[in-house]
Every structure is written in structure tokens, then in C-alpha cells.
Amino acid sequence: RRSSRPSERVRAGSPAEPTAAKPSQAKPSEAKRASEMSSFAEAPPGDAAKGAKIFKTKCSQCHVAEKGGGHKQGPNLGGLFGRTSGTTEGFVYSAANKNAAITWSEETLYDYLLNPKKYIPGTKMVFAGLKKPQERADLIAYLKSSTA
């Protein structure tokens, strides 16, 4: 089938004109920049004070950070680091979260917070994730101090 749009028509025997931008002209997308720091080892240093603000605005609706606090829509995060996913007593987890058997560390949490539903397919957590490496590092710094 022939295209009626002039930019899509190519004469028989002539090479097609490339339409993509040259690599030097292309601007990196937000996803590309986020993937450049795809591991916690490459992440910027976290700021616990900034992480507290992130927790308050994005996490506290569903979670309590202090050990011994109650559960909300999500589990209490007290004692998070070193714990296996899906094992907080008194909270009903999805089968996906229980079966993932992830030991929470700075590294696993950094990856998880990028996109929870992708990291644990089938999780009940409705949070879309934190795309910016600095925000994830800040939140982890806060959680390290507040959940111990």
C-alpha cells in the first residue's frame, strides 16, 4: 500500500531519508537520566530531612515509620531493613509480596521504590514510585533513621 503523505513516499531504487534525530541532537529523557543511576551504589547521598518530607507527602497516608506503630492501608515500616518482604506480623500481604521473599536493604528498597508494581508484580501497593534517584536516596536515608 502506498502512502499519500509526501514524507512517507520513497521512489523505487532510492534510499529512504533517515528521519530520526542525530544522537548528538537528542535530549535524554527523564527515564534515561533515572536509569543512569540504576543502583543504590551509584545513587547520590541521601538527606534524611528531605526524606522525611517525602515520607510525609507520599508515604504516610498508608505507612507508619516508627517501630511499634499500627498498620494503615500498608504495613508499619518499623524494623524494615533486614526484614523479609511479606512478613510483618498482623498485616495481610498479597501472595506476590509474600512469595517475593525480598530481604529489604538500601539496595533492594532503591530498586523497589523506582516502580513497586514492576519490582513485585501483583503487589497491592498502589504507589507509582519515585523516578528521581535523589528522592529515593533521601527517602531511604530517612527510613534508615526512623525505622530502626
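Student: Threonine 123: buried or exposed?
Tutor: Threonine 123 counts as buried, because its relative accessibility is 8%. Buried means under 20% relative accessible area, exposed over 50%, and partly exposed in between (1.4 Å probe, protein chains only). This is a predicted model, in which local features need pLDDT of at least 70, side-chain atom pairs count only at pLDDT 80 or more, and totals for chains, interfaces and linings use all residues. Residues are numbered from 1 along each chain as its sequence is written, and side-chain values use heavy atoms, with hydrogens and water left out.

Student: Where does threonine 123 lie?
Tutor: Threonine 123 is in the loop between α5 and α6. Helices (H or I, at least four residues) and strands (E, at least two) are DSSP runs, numbered from the N terminus.

Student: And what is threonine 123 in contact with, leaving aside neighbours within four places in sequence?
Tutor: Threonine 123 contacts Ser94, Ala96, Asn97, Tyr112, Pro116 and Lys117, once neighbours within four places in sequence are left aside. Contact means heavy atoms within 4.5 Å.

Student: What does phenylalanine 127 touch, not counting residues up to four places away?
Tutor: Phenylalanine 127 touches Lys58 and Pro116, not counting residues up to four places away in sequence. Phenylalanine 127 is placed in the loop between α5 and α6. Along the chain, phenylalanine 127 and lysine 58 are 69 residues apart, and their C-alpha atoms are separated by 8.4 Å.

Student: OK, step back. How many helices and strands does the chain have?
Tutor: The protein chain has 6 helices and 0 strands. From the N terminus on, the order reads α-α-α-α-α-α.

Student: What share of the chain is buried?
Tutor: Of the 148 residues in the protein chain, 31% are buried. Among contacts with a separation of 6 or more, 47% are between residues 24 or more positions apart.

Student: Helix packing next. What is the angle between α2 and α6?
Tutor: Helix α2 (residues 48–59) packs with helix α6 (residues 133–146) at about 95 degrees, and their axes are 7 Å apart. The axes are lines fitted to C-alpha atoms, for helices over the stretch in contact, and angles run from 0 to 180 degrees between N-to-C directions. The two helices, α2 and α6, are therefore roughly perpendicular to each other. Angles under 35 degrees count as roughly parallel, over 145 as roughly antiparallel, 65 to 115 as roughly perpendicular, and the rest as oblique.

Student: Which residues make that contact?
Tutor: On α2, the contact is made by Ala48, Lys50, Gly51, Ala52, Ile54, Phe55, Lys58 and Cys59. On α6, Glu135, Asp138, Leu139, Ala141, Tyr142, Leu143 and Ser145 take part.

Student: How does the contact of α2 with α6 divide by class?
Tutor: The contact of α2 with α6 has 9 nonpolar, 2 polar and 4 charged residues. Ala, Val, Leu, Ile, Met, Phe, Trp, Tyr, Cys and Pro count as nonpolar, Asp, Glu, Lys and Arg as charged, and the others, Gly among them, as polar.

Student: Still on α6: what about proline 133 and serine 146?
Tutor: Proline 133 is in helix α6 and counts as buried at 11% relative accessibility. Leaving aside neighbours within four places in sequence, serine 146 is in contact with Ala65 and Glu66.

Student: Which residues of α4 are buried?
Tutor: In α4, Thr108, Leu109, Tyr110, Tyr112 and Leu113 are buried. The buried residues of α4 pack against α5 (116–119) and α6.

Student: Now the largest pocket. How much space lies in it?
Tutor: The largest pocket holds about 590 Å³. Its lining has 31 residues, with His63, Gly74, Pro75, Tyr112 and Met125 nearest the centre. The lining divides into 16 nonpolar, 12 polar and 3 charged residues.

Student: How is a pocket defined here?
Tutor: On a 1 Å grid over the protein atoms alone, a pocket is an open set of points where a 1.4 Å probe fits, with protein on both sides within 12 Å along at least five of seven lines; lining residues have an atom within 4 Å of a point.

Note on methods. Points joined across faces, edges and corners; volume = space filled by probe spheres on them.
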